[in-house]
Amino acid sequence: MRTNKEYIADFHNPDMPDIPYSTLNLGPTHPATHGIFQNVLKMDGERIVDAEQTVGYIHRAFEKIAERRPLYQITPLTDRLNYCSAPINNTGWHLAVEKLLGIQVPKRVDYMRVMIMELARISDHLICNSILGVDTGALTGFTYVYQYREKIYEIYEEICGARLTTNMGRIGGFERDFSPKVFELTKKFLVEFPKIWREFESLLSRNRIFMDRTIDTGPISVERALNYGFTGPNLRATGIDYDIRTADPYCSYEEFKFDIPVGTTGDTYDRFVVRNEEIWQSLSLVEQAIRKIEACEPGIYHADEDHYYLPPKKEVYRNMEALIYHFKIIMGEIEVPAGEVYRAVEGANGELGFYLVSDGGRSPYRLHFRRPCFIYYQAFPEMIRGQLLSDAIVVMSSLNVIAGELDA
Amino acid sequence: MSAVMIKLIFIVVVFGVSLFVAMYSTYAERKIAAFLQDRLGPNRAGPFGILQPFADGIKLFFKEEFIPLKADRWLFLMGPGFFMITALMTSAVIPFGADFIHDGKTIALQATDINVGLLYIFGVVSLGVYGILIGGWASNNKFSLLGAIRAASQNISYELAMGMSIVALVMMTSTLSLREIVDQQAGWHWNVFYQPLGFLIFIICAFAETNRAPFDLPECETELVGGYHTEFSSMKLGFYLFAEYINMFISSAVLATLFFGGYQFPWVSSMDPGLTKTILSVVVMFGKIFFFIFLFMWVRWTLPRFRYDQLMNLGWKILIPLAVVNIVLTGAVILYKMM
């Protein structure tokens, strides 16, 4: 069988006779796309000659909607970007707003945020890697670890009452303190999950068939990845240790000890391994965060900012100032200072940035989400060109393209 | 009762048993998958969900019969039927138990003992791919067509290796009759001990022939939606799914017959002929069949699936040379023994 390189060379060779290719619509409703996006593949039998991707099937104009909303009401919009790790999006948005408003949050809030963000990262990577297993044909690993995402959701539920679209936290902190149950559940998770995850890893990461399927599948070179603007695990798989948690620390990440795993070739297997290792790092980060939270003075869970943080109900009923703030915040009548900020967080998928321009009104003048999935998806045709149909599925699932984040 | 009547009754029984086993294989598959995945599995229809296959069957019968507008109507209808018929035909030559001798009459627990039984099985099994090919082509869907093409190429490639692994076995047994092959394996003389390599090749090919994971490329749902049966609905889809389980049952029976002594078991085969022996031998046979069915399911829920080119590599570059080596080895051993 000819190699992919030979195949691509033939394709670009003008002397080659014209072969009638067939067109295959992979999506918008296809079981492997995990969301709604279309790939029009030009096929020569099983071989992908060329591909073209279509985006926008679930475009909901979040950036435009955000221009009419007060800042705190934009948080639920961010839930729906990468819905596999909503707390990271929420926190990223809050960090952007805090940067604009110049709010200093207490250390304890930072640690609490780190805790939920790392839990969200675990749940995101867990889904991505186990779905990669499903797409190569091994369903068992997925159903086996899936219940541990459920455990993470139970923690979310205990923190904010929601599970998937969490709307967690407020500008300047959290809406309420973490209950003791949260720490109890998290500690239980930290004990139980590693055992299960080790089992999952041993099922796939040295499995001959899985390795054959993923090694050298959909590789991308460092240069191409950087040119496209890859970030996150997909960039780290090519060998660059770019991670916003260390490159531009937020939420006191500089106080934490963790490693940044990198790959070498940027193929599907590397992405899988990098994500696996990041789960282990996140577990250690959650553990460190809990220890740091416990060392802090209890009861502090938000910054002392009357303008942006809802006063306690008791105050609202007894204190006129509090009533006014309550009213103004709820009605979204708080004026925001004019300015322009960009704040990125290390989302589970890569650099999730919020570019916020304010002209001093109640809502942003312009808000742009830098969505890593949108960028990865641009590189998708290049990565699968010359490969087989099965590879396209595996590559897409290892890039972890989430439709909600892709289309915003 | 005339011999013909007995044969006819037996054929109906075998037919019913194959269908019943296939039906409950679907249930077993779901229960085993659930067990491996730490879930409960079907548990609503009847106690422990044992009525689930009936519920599924009724559901499939009541589903809307959908034929795509541009599909080739006749072939579209023919595909599933053809697949089902070929799947059911193979059980004709499999001996399910020791002879039952009653009033001086011998009743063989085998529909027919033709002297080319092994060839017959291969012939019928390779016809089965036409059902897939016809159905996949007639649906006028690219995913179906890809699935059908994959099925055809996969079956051709793996039948070669399978046939060659059998050649070595036949060199040893010097017969193609399944009954005689089973009789030769009385006691512990199971062929698997004499032909371990042949067995390995055969079982891998059996997985490929039945389109089971890790060789379930023709219908892999993550790539080809449903493969060759993407466009099929109601009982036509049921036929495809069902025939796959019948194939699995037959493959398990063939595996047991060829390599694991069929209905022979050391302690059972030395018994006097009679009702007890017959019943025990049938139990032994089905025990072996169920073991292999379980193995099929266990593998399916553990391993990822091959890619198309890897599948071809394994078939042509590894299994066929291995099968040739096996033939040469067997020949050398036979020659050595003769000298």
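Visitor: What should I know about the numbering and cut-offs?
Guide: Residues are numbered from 1 along each chain as its sequence is written, and chains are lettered from A in the order in which they are written. As the model is predicted, local features need pLDDT of at least 70 and side-chain atom pairs count only at pLDDT 80 or more, while totals for chains, interfaces and linings use all residues.

Visitor: OK. How many residues of chain A are in contact with chain B?
Guide: 26 residues of chain A are in contact with 22 residues of chain B; contact means C-beta atoms, placed from the backbone, within 7 Å.

Visitor: Which elements of chain A give two or more residues to that side?
Guide: Strand 1 (22–26), helix 5 (107–136), helix 6 (139–160), helix 8 (208–214) and helix 16 (389–399) of chain A. Helices (H or I, at least four residues) and strands (E, at least two) are DSSP runs, numbered from the N terminus.

Visitor: Now the core. Which residues touch the most other members?
Guide: The largest nonpolar core has 200 residues, and those touching the most other members are A:M115, A:Y376, A:F380, A:A392, B:C205, B:I246 and B:F249. Helix 5 of chain A gives the largest share, 16 residues. Such a core is a set of buried Ala, Val, Leu, Ile, Met, Phe, Trp, Tyr and Cys residues joined through C-beta atoms within 7 Å. Buried means 20 or more other C-beta atoms within 10 Å of a residue's own, exposed means 12 or fewer, and partly exposed is in between, with C-beta atoms placed from the backbone.

Visitor: And what is A:A392 in contact with?
Guide: Leaving aside neighbours within four places in sequence, A:A392 is in contact with A:L26, A:L41, A:I48, A:I384 and A:Q387.

Visitor: Switching to chain B: where is B:G187, and is it buried or exposed?
Guide: B:G187 sits in the loop between helix 6 (178–184) and helix 7 (191–194) of chain B. B:G187 is exposed, because 12 other C-beta atoms lie within 10 Å. Its C-alpha atom is 4.0 Å from that of B:P266, 79 residues apart along the chain.

Visitor: How many helices and strands does chain B have?
Guide: Chain B has 13 helices and two strands. The radius of gyration of chain B, taken over C-alpha atoms, is 21 Å, close to the 20 Å that the globule rule gives for 339 residues, so chain B is as compact as a globular protein of that length. That rule is 2.2 Å times the number of residues to the power 0.38.

Visitor: What share of chain B is buried?
Guide: 47% of the 339 residues count as buried.

Terms used
Two residues are in contact if their C-beta atoms, placed from the backbone, lie within 7 Å.
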